[in-house]
Amino acid sequence: MITGPEDFTQSGARLSSMTQSTLYKGITAAKGSPEVCRQTAINLAKTQHAVAEIAERQPSQVEVWNSLKQKDFDIKTRAFFWKVMHNTYKCGDYWKYIPNYEHRSRCEVCGTTDSIEHALTECRASGQEEIWCLAESLWNKGGLPWKKPTLGMILGCGLVSFHP
């Protein structure tokens, strides 16, 4: 028998009286907490440390997760952040052990292992260098010191307030 919140464990519960939230809580309570993926934990730590450098206060894991869902970002950006945090994009090591697709694990231009972090902050082919130069020139107009963005800074951008 599945156990969960009181309103979930009704005998003969009517689906019409259930909400998605109630069902989700009941299912997750029955399953227990999922095991955190190694790369997710690494990305979470990168985000916490990057924000701590800027804000001089390390956010909790809950704060990081909540920041990825905030309504200041459109739905596509929130989905992107969630996928990057969970390392779900098919790049780099994903292809390393798939026969006849191993070549996709490396950046063709740089020759290094491909990753979202590489594409966003390091790769010469992705155009990121030009974007970050434009962002820096715009940033400097606000009178704040510029730091070249890291993956942690990108994922943690919803946690920091910037004021000159």
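Contact here means heavy atoms within 4.5 Å. The points below concern a predicted model.

1. Val51 and its surroundings. Val51 belongs to helix α2. With residues up to four places away in sequence set aside, Val51 touches Glu56, Arg57 and Pro59, and also Gly156, Leu159 and Val160. Val51 counts as buried because its relative accessibility is 3%, and buried means under 20%. The C-alpha atoms of Val51 and Ala41 are separated by 15 Å, the two residues being ten apart along the chain.

2. Glu56, one of the contacts of Val51. Glu56, which Val51 touches, is placed in the loop between α2 and α3. Glu56 is exposed, its relative accessible area being 74%. The backbone deserves a comment: Glu56 has a positive phi of about 60° although it is not a glycine. Most residues other than glycine have a negative phi.

3. Asn100, a further positive phi. Asn100 is not a glycine, yet has a positive phi of about 70°. The residue lies in the loop between α5 (93–96) and α6. Asn100 is exposed, with 66% relative accessible area.

4. Packing of α2 against α3. The axes of α2 and α3 come within 10 Å of each other and cross at roughly 95°. From α2 the contact is made by Thr40, Leu44, Thr47 and Gln48, and from α3 by Gln61, Val64 and Trp65. By class, this contact of α2 with α3 has four polar, three nonpolar and no charged residues.

5. Packing of α3 against α4. The axes of helix α3 (residues 61–68) and α4 come within 9 Å and cross at roughly 140°. This makes α3 oblique to α4, since roughly antiparallel would require an angle over 145 degrees. On the α3 side the contact is made by Val64, Trp65 and Leu68, and on the α4 side by Arg78, Phe81 and Met85. By class, the contact of α3 with α4 has five nonpolar residues, one charged residue and no polar ones. Val64 and Trp65 of α3 are also listed in the contact with α2.

6. Arg78, a buried charge. Arg78 is found in helix α4 (residues 75–85). Arg78 counts as buried because its relative accessible area is 17%, and the limit for that class is under 20%. Despite its burial, Arg78 has no salt bridge: Asp74, the nearest side chain of opposite charge, is 6.6 Å away, whereas a salt bridge needs nitrogen and oxygen within 4 Å. Leaving aside neighbours within four places in sequence, Arg78 is in contact with Leu68, Lys69, Gln70, Lys71 and Phe73. Between Arg78 and Tyr24 there are 54 residues of sequence separation and 20 Å in space, C-alpha to C-alpha.

7. The salt bridge of Lys46 and Glu117. The structure holds four salt bridges. In one of them, Lys46 pairs with Glu117, and the closest N and O atoms are 2.7 Å apart. The pair links distant parts of the chain, with Lys46 in helix α2 (residues 38–55) and Glu117 in helix α6 (residues 116–121), 71 residues apart. Lys46 is partly exposed at a relative accessible area of 29%, and Glu117 is likewise partly exposed, at 22% relative accessibility.

8. The salt bridge of Glu53 and Lys147. The side chains of Glu53 and Lys147 meet in a salt bridge of 2.7 Å, N to O. Glu53 lies in helix α2 and Lys147 in the loop between α7 (128–140) and α8 (151–155), so the pair ties together parts that are 94 residues apart in sequence. Glu53 counts as exposed at 56% relative accessibility, while Lys147, at 40%, counts as partly exposed.

9. The salt bridge of Arg57 and Glu63. The side chains of Arg57 and Glu63 also meet in a salt bridge, at 3.1 Å, N to O. Arg57 is partly exposed at 46% relative accessibility, and Glu63 is partly exposed with a relative accessible area of 30%. Arg57 is also among the residues that Val51 touches.

Notes: Residues are numbered from 1 along each chain as its sequence is written. This is a predicted model: local features need pLDDT of at least 70, side-chain atom pairs count only at pLDDT 80 or more; totals for chains, interfaces and linings use all residues. Side-chain values use heavy atoms; hydrogens and water are left out. Helices (H or I, at least four residues) and strands (E, at least two) are DSSP runs, numbered from the N terminus. Buried means under 20% relative accessible area, exposed over 50%, partly exposed in between (1.4 Å probe, protein chains only). Lys and Arg count as positive and Asp and Glu as negative; His and the chain ends are not counted. Axes are lines fitted to C-alpha atoms, for helices over the stretch in contact, and angles run from 0 to 180 degrees between N-to-C directions. Angles under 35 degrees count as roughly parallel, over 145 as roughly antiparallel, 65 to 115 as roughly perpendicular and the rest as oblique. Ala, Val, Leu, Ile, Met, Phe, Trp, Tyr, Cys and Pro count as nonpolar, Asp, Glu, Lys and Arg as charged, and the others, Gly among them, as polar.
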